[in-house]
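Please consult the structure shown here while reading them.

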Amino acid sequence: MSQALPYPSAPAQSESRSVLAIPAFRKLWKSMAFSSFGDWLGLLATTALAQELAGGNYKKANFAIAGVFIVRLLPAVLLGPIAGVIADRFDRRRLMIVCDILRFGFYLSIPIVHNYIWLYTATVIVEAITLFWSPAKEASVPNLVPKEKLESANQMTLLASYGSAPVAALMFAILAGVAATLTSISNPRYASTADLALYIDAISFLYTAWVVFQLQTIPKGAASKSAVNDNIGKSLIDGFKFVSQSKVISGLILGMLGAFFAAGAVIGLARTFVGDLNAGDAAYGVLFGSVFTGLALGIWLGPKIFGQFSRRRIFGISLTISSAFLIVLSLVSNLVLAILMTIFLGAFAGLSWVTGFTMLGMEVEDEVRGRIFAFVQSLIRVSLVLVLAIAPVIAASIGRHQFTINNVHLRYSGAAFTMFGAGIIGLVVGIFSYKRMKDRPNISFFSDIMAAFRGELGGITGQAHKGIFIAFEGGEGSGKSTQAQLLKEYLVSVGETVVVTREPGGTVLGKQLRKILLDPKTGAISPRAEALLYAADRANHVFSLIEPALTRGDIVITDRYLDSSIAYQGAGRILLPSEVARISRWATESLTPTLTFIMDLPAEIGLSRLDSVDRLEQEPLAFHERVRREFLNLANVDPERYFVVDATQSVAAISQQIQERVSTIPLLKINREKAQK
Ligand code: TYD
């Protein structure tokens, strides 16, 4: 089931900033950012150290790196659920401080001992400690932040955990430069990048401990029961059962795994791949950072740039594109190009990831949403372990190879081959999930792209509102007005405040414009003048009636809106639909309906239902057929926001379908109350 998204899922900038204005949260956030920074730096350092300790042996290096990833992820998979429960028993603040001091000590010991056994042992221990630290941290956030800010607090937490990755990568690259300088003036044994990074990493945890120590506001004692970690096995089984029932959701989850697969392959193989390009630790840091920079760009900018496409389409396509970049990356033998490819790869992987997550939130019903998210998270963890561990092993077993084509020597090694293979898998998964979720069999993706460039698609959303905005569209005599009225009665009966209005003529000015526009006595109006008059009516309508009602939190039902202009003045007359759409978007400041019903009816039937004919109804049948087709096209572009109703059915049957669709809008009072329980 698809639900309309009444507001963009991310809160406005100012909102997410304001949660940092709470001093206690800001401190905790700082400590989270620092400790994540330390975590990432530690990951880079330990994998680099694993490569360094292999002493130039390709196979050994790959196996060693796989080992680091396995020991890092395994504790989470095995101990995750238990750690959460145990962590809940202790005083959170003290637990966090102890954990950080321990992590400081263990990270410090890795470069001092400087061998494989201790590298792995210490890494496992540090990871296990982190498992206790995280739930304690997570449980502290609701104590420091008021409820309504919790969502933006969570976003800031995410920003701290992943935003710190490129910073750590940059730091690592700089340290590589420092290490090179140190090596030239002193004993190389004391100047490896990995060692320097590990020392800094250790210090970052000491700092975190200090920050938390100062945070007196975290209440003493154990956390109230937190549901942070569910049992991973149980959530997997439950999730599989549910997911296999829905084509869209299973396609979605498969695709999200594909995105992680592509990004994971790059991360797991990055160190050896960089070595194959004859580059060192500095390049490793940069490449690693590019994955995350790309991911961040995709998550942040992607939905803005591609907001006009249907999410179902973006999802499969961006996954496919990201995999294609992985394939290209595997073929590149130039570091600068490789970095560029990595950023693109990350950006499209990030785009498909957010799109997937947003869709999951909309496609999955309230009652099972928690379970599905837990399922996806478990699945991602397990598949990451697999990819990060298996990819280097495959790379090692392939080894290094040289090819000579027309006297050109090409060197490809295991890392490149494995990336290539992962890219192919991602490509297949992407195409598969695109096909599985394909919503408009008749419209090619290419025509979508062209339409988007012309600014023609209807998906751009304006400001977020408390209220719900519903539009009825359709040809002549399609029964919009009747259904708008019936929907109002239904919504009022479930306790909503509803405003029913229409276009043209929803306001005092609108009534006069309506008279001009529809009266046959007006005679011919130039197409552009007609478009502008409808837009003027709409601008006034939005400004003085719709917008204020939505701000109050009411439900506004309008009989015709923007799509009528696109269909009548655009497709019907000789104007370009894109131009008409642009005028209306300007007029309405991009206020887009939460949901639009298209009452679909053959033009002949609709026209035969009319008693009198106004100026537009006098148009020939072909005009009305064009209008009908345009409405259907618009609906096809964005199935989440449009619902096409077969208007040849009985009034009662139509009304029933409309009620069912409207009942799924999350912003409805009844749905919000259900969600709170
Ligand atoms: P409508 O209110 O449905 O009139 P009636 O109830 O008499 O059918 O629509 C008025 C006419 O205005 C209709 O023929 C469609 C036309 N129209 C446009 O051409 N462009 C627009 O933007 C709108 C809102 C309506």
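**Salt bridges, pocket and patch**

Q: Is D554 buried or exposed, in this predicted model?
A: The relative accessibility of D554 is 8%. Buried means under 20% relative accessible area. D554 therefore counts as buried.

Q: What is the N to O distance in the salt bridge of R552 and D554?
A: R552 is exposed because its relative accessibility is 53%, while D554, at 8%, is buried. Their side chains meet in a salt bridge with an N to O distance of 3.1 Å.

Q: How many residues apart in sequence are the parts that E476 and R560 tie together?
A: The side chains of E476 and R560 form a salt bridge at 3.9 Å, N to O, and both residues are buried. E476 lies in the loop between β3 (468-474) and α16, and R560 in the loop between β5 (555-559) and α19, so the pair ties together parts whose separation in sequence is 84 residues.

Q: Which element gives the largest share of the lining of the second largest pocket?
A: The second largest pocket holds about 480 Å³ of space and is lined by 26 residues, with E476 and R560 among those nearest its centre. Elements giving two or more residues to this lining include α16 (480-493) and α19 (562-572). The largest share, 4 residues, comes from α19.

Q: What is the area of the nonpolar surface patch that includes L79?
A: L79 is placed in helix α3 (residues 58-87) and counts as partly exposed because its relative accessibility is 35%. Together with L74, L78, I82, I86 and F90, L79 makes a nonpolar surface patch of about 520 Å².

Definitions and conventions: Residues are numbered from 1 along each chain as its sequence is written. This is a predicted model: local features need pLDDT of at least 70, side-chain atom pairs count only at pLDDT 80 or more; totals for chains, interfaces and linings use all residues. Side-chain values use heavy atoms; hydrogens and water are left out. Patches are made of residues with over 30% relative accessible area and no salt bridge: like charges are joined within 9 Å, nonpolar side chains (Val, Leu, Ile, Met, Phe, Trp, Tyr) within 5 Å. Accessible areas come from the Shrake-Rupley method with a 1.4 Å probe; for residues, only the protein chains shown count as cover. A salt bridge is a side-chain nitrogen of Lys or Arg within 4 Å of a carboxyl oxygen of Asp or Glu. Buried means under 20% relative accessible area, exposed over 50%, partly exposed in between (1.4 Å probe, protein chains only). On a 1 Å grid over the protein atoms alone, a cavity is a set of points where a 1.4 Å probe fits but cannot get out, and a pocket is an open set with protein on both sides within 12 Å along at least five of seven lines; lining residues have an atom within 4 Å of a point. Grid points are joined across faces, edges and corners, and a volume is the space filled by probe spheres set on the points.
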